[in-house]
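Morning, everyone. I have one model to walk through, so please bring it up on your screens.

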Amino acid sequence: MCQNFFTDSCAAHGPPTFVKDSAVDKGHPNHAALSLPPGLRIGPSGIPQAGLGVWNEASDLPLGLHFGPYEGRVTEDEEAANSGYSWLITKGRNSYEYVDGKDKSRANWMRYVNCARDDEEQNLVAFQYHRQIFYRTCRVIRPGCELLVWYGDEYGQELGIKWGSKWKKELMAGRGRHHYYSF
């Protein structure tokens, strides 16, 4: 919010708040849905043809709340890009890997969060930190609202986002799930 650098805690805004996933045994067939934090619900998305989405149920989610990391199978196999649940992560110069949330026994609830169609409905910002993807609330999310993610301009400029034409075309046609963004 204030763009000030801090190590552990911002002088004006305090430390970042992280919401923990609900604890689930690794490998549970329904691991992804069961990891959902309290107060959230998985249900049909408000976006046509998007399948399931994640909704806030309990109370306002404040600005600056962090969720994550996004869980899934980590691979360098480019086939992961076709699953519709993958993030492309920069490891170094021209070096990438995917975290693929397709497998519900290895993913967490974040696989169900859909992509915002425009700035107005976006309420989460995705970003890469230490080779992991996190989501941060960029506005207060009221009860009854769907969580919808996109990434902020600052991450694109800073991390050199490459636009993947395949997912972009699908997304614009309204068929794409949500991820295959490269950071």
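**A buried serine, a sheet and a core**

Start with Ser86: its relative accessibility is 0%, so Ser86 counts as buried. The cut-off for buried is under 20%. Keep in mind that this is a predicted model.

Where does Ser86 sit? Ser86 is found in strand β6. What does the side chain of Ser86 contact? Another goes to the side chain of Asp100, at 3.4 Å.

Now the sheet. There is an open sheet of 6 strands, and the pairing is mixed. Read across, the order is β1-β4-β10-β9-β11-β8. Which are the edge strands? They are β1, residues 17-19, and β8, residues 114-115. Each of these pairs on one side only.

Look at β4 and β10 next. Strand β4 covers residues 65-67, and β10 covers residues 132-137. The two run antiparallel, joined by 2 bridges. Take His66: its bridge partner in β10 is Arg136.

On to the core. As a general point, nonpolar side chains in soluble globular proteins tend to be buried together. Here, the largest nonpolar core has 24 residues. Which of them touch the most other members? Phe67, Trp109, Tyr135 and Leu147 do.

Technical notes:
Residues are numbered from 1 along each chain as its sequence is written. This is a predicted model: local features need pLDDT of at least 70, side-chain atom pairs count only at pLDDT 80 or more; totals for chains, interfaces and linings use all residues. Side-chain values use heavy atoms; hydrogens and water are left out. Two strands pair if DSSP finds at least two bridges between them. Helices (H or I, at least four residues) and strands (E, at least two) are DSSP runs, numbered from the N terminus. A nonpolar core is a set of buried Ala, Val, Leu, Ile, Met, Phe, Trp, Tyr and Cys residues joined through side-chain atoms within 4.5 Å. Buried means under 20% relative accessible area, exposed over 50%, partly exposed in between (1.4 Å probe, protein chains only). A polar contact is a pair of N or O atoms within 3.5 Å; within protein, one must be able to donate a hydrogen and the other to accept it, and residues adjacent in sequence count only if both atoms are side-chain atoms.
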